[in-house]
Amino acid sequence: MKDHAVRVLFCLLAAGVAADDVVLKVYPLGLTDPVSAAEVVRGMLSPQGRVVEDVPNHRLIVFDRPEVQARIAEALKTLQVPARNVRITVFHSSERTEDQSEAGVSVGGRAWPPRPRADVRLGGSSSRSTAESRQDIVVLSGGKASITVAEQVPYADWFWAWGQDQGLWPAQSVQWRDVGTSLVVEPFVLDDHTIRLRVTPQFSYFLDRERLVTRVQQLSTEVVVREGEEVDLGGLTLSNREFRERFLLGVGRSGQTERVQIRLRARVES
């Protein structure tokens with residue numbers, strides 16, 4: 001987007017990069033990984049050159065002399081990645097625990113935190129029910145797949161206040177409704193046996209009458225896995241632990257809060 005490129009230019013100028021003998025160029029990357037491409041470009045820059053990874057738009061923004069830009073353009077051509085499909089197997093489970101003997105702390109009429117107890121007591125105080133499902137998704141390396149976490153969240157007001165502090169949605173009196181959560185998974189094939197996964201939390205919601213989707217890019221996290229290795233997405237490190245705890249909760253059909261667990265395996269399609 002042009003506004004992003006302009007902001008990058010201003011940042012470079014503020015960093016003391018002279019603008020009289022350098023030019024700004026934007027390089028779409030197609031299926032090439034922006035992180036890997038940026039590493040290649042950094043080794044080619046002049047002392048006053050700069051490169052910015054525009055990961056959301058899958059491109060590089062480079063500020064350098066014209067002759068350097070020409071060499072970078074040729075180098076990026078050699079990084080063109082052939083299309084590789086990645087099959088992602090998703091294991092989705094939700095758990096609801098009812099405990100009559102312990103009231104816990106009530107948040108919005110629901111117990112917090114949810115109790116991850118695994119026992120069933122006949123005629124007693126605690127019971128647990130679990131629902132499981134499996135899904136196969138095929139996505140191009142460098143593409144995106146969305147995995148549903150919850151169709152409705154129990155702590156929408158908390159997320160709304162948190163998002164306003166982060167500047168994710170406008171500060172206004174009309175709040176969102178019908179809030180759902182998902183994880184956007186971007187697989188990048190590194191070689192025949194290794195895949196890097198970038199995982200980003202995402203919200204879908206109504207604001208007034210408009211259906212919107214917002215990705216929380218600042219909480220994206222990455223993990224490198226061997227082909228076929230199982231990954232628990234709930235175990236990935238997020239910088240905000242409180243956000244993670246609430247993000248992995250949903251409202252079940254009975255109206256009770258359920259803890260959601262998502263595991264996946266990724267394989268490169270031949």
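Modeller: Helices (H or I, at least four residues) and strands (E, at least two) are DSSP runs, numbered from the N terminus. Leu60, for instance, lies in strand E3, and the chain has five helices and 15 strands. The model is predicted, so local features need pLDDT of at least 70 and side-chain atom pairs count only at pLDDT 80 or more, while totals for chains, interfaces and linings use all residues. Residues are numbered from 1 along each chain as its sequence is written, and side-chain values use heavy atoms, leaving out hydrogens and water.

Colleague: How should I read pLDDT, and what is its mean for the chain?

Modeller: pLDDT is the predictor's confidence in each residue, from 0 to 100. Here the chain has a mean of 79, with 77% of its residues at 70 or more. Over residues 99-126 the value stays under 50, and the model has 45 contacts (heavy atoms within 4.5 Å) for that stretch beyond four places in sequence.

Colleague: Is Leu60 buried or exposed?

Modeller: Buried means under 20% relative accessible area, with a 1.4 Å probe and protein chains only. Leu60 has 0% relative accessibility, so Leu60 counts as buried. Leaving aside residues up to four places away in sequence, Leu60 touches a set that includes Lys25, Tyr27, Val52 and Leu76. Lys25 is 35 residues from Leu60 along the chain, yet their C-alpha atoms are separated by 8.3 Å. Across the chain, buried residues make up 43% of the 270 residues. Of the contacts with a separation of 6 or more, 69% are between residues 24 or more positions apart.

Colleague: Which residues of helix H2 are buried?

Modeller: An α-helix has 3.6 residues a turn, so residues three or four places apart point the same way. In H2, residues 34-42, the buried ones are Pro34, Ala37, Ala38 and Val41. They sit on the same side of H2 because they cover an arc (from the directions from the helix axis to the C-beta atoms) of only 100° around the axis. Their packing partners are strands E2 (50-54), E3 (59-64) and E9 (176-191), along with helix H3 (66-78). Leu60 of E3 touches Pro34, Ala37, Ala38 and Val41, among others.

Colleague: Which residues lie nearest the centre of the largest pocket?

Modeller: A pocket is an open set of points on a 1 Å grid over the protein atoms alone, where a 1.4 Å probe fits, with protein on both sides within 12 Å along at least five of seven lines; lining residues have an atom within 4 Å of a point. Here 21 residues line the largest pocket, and His92, Ser94, Val149, Glu151 and Glu258 lie nearest its centre. Strand E8 (145-150) is one of the elements giving two or more residues to that lining, and E8 gives the most, with five.

Technical notes
Buried < 20%, exposed > 50% of the residue type's maximum accessible area, 1.4 Å probe, protein only.
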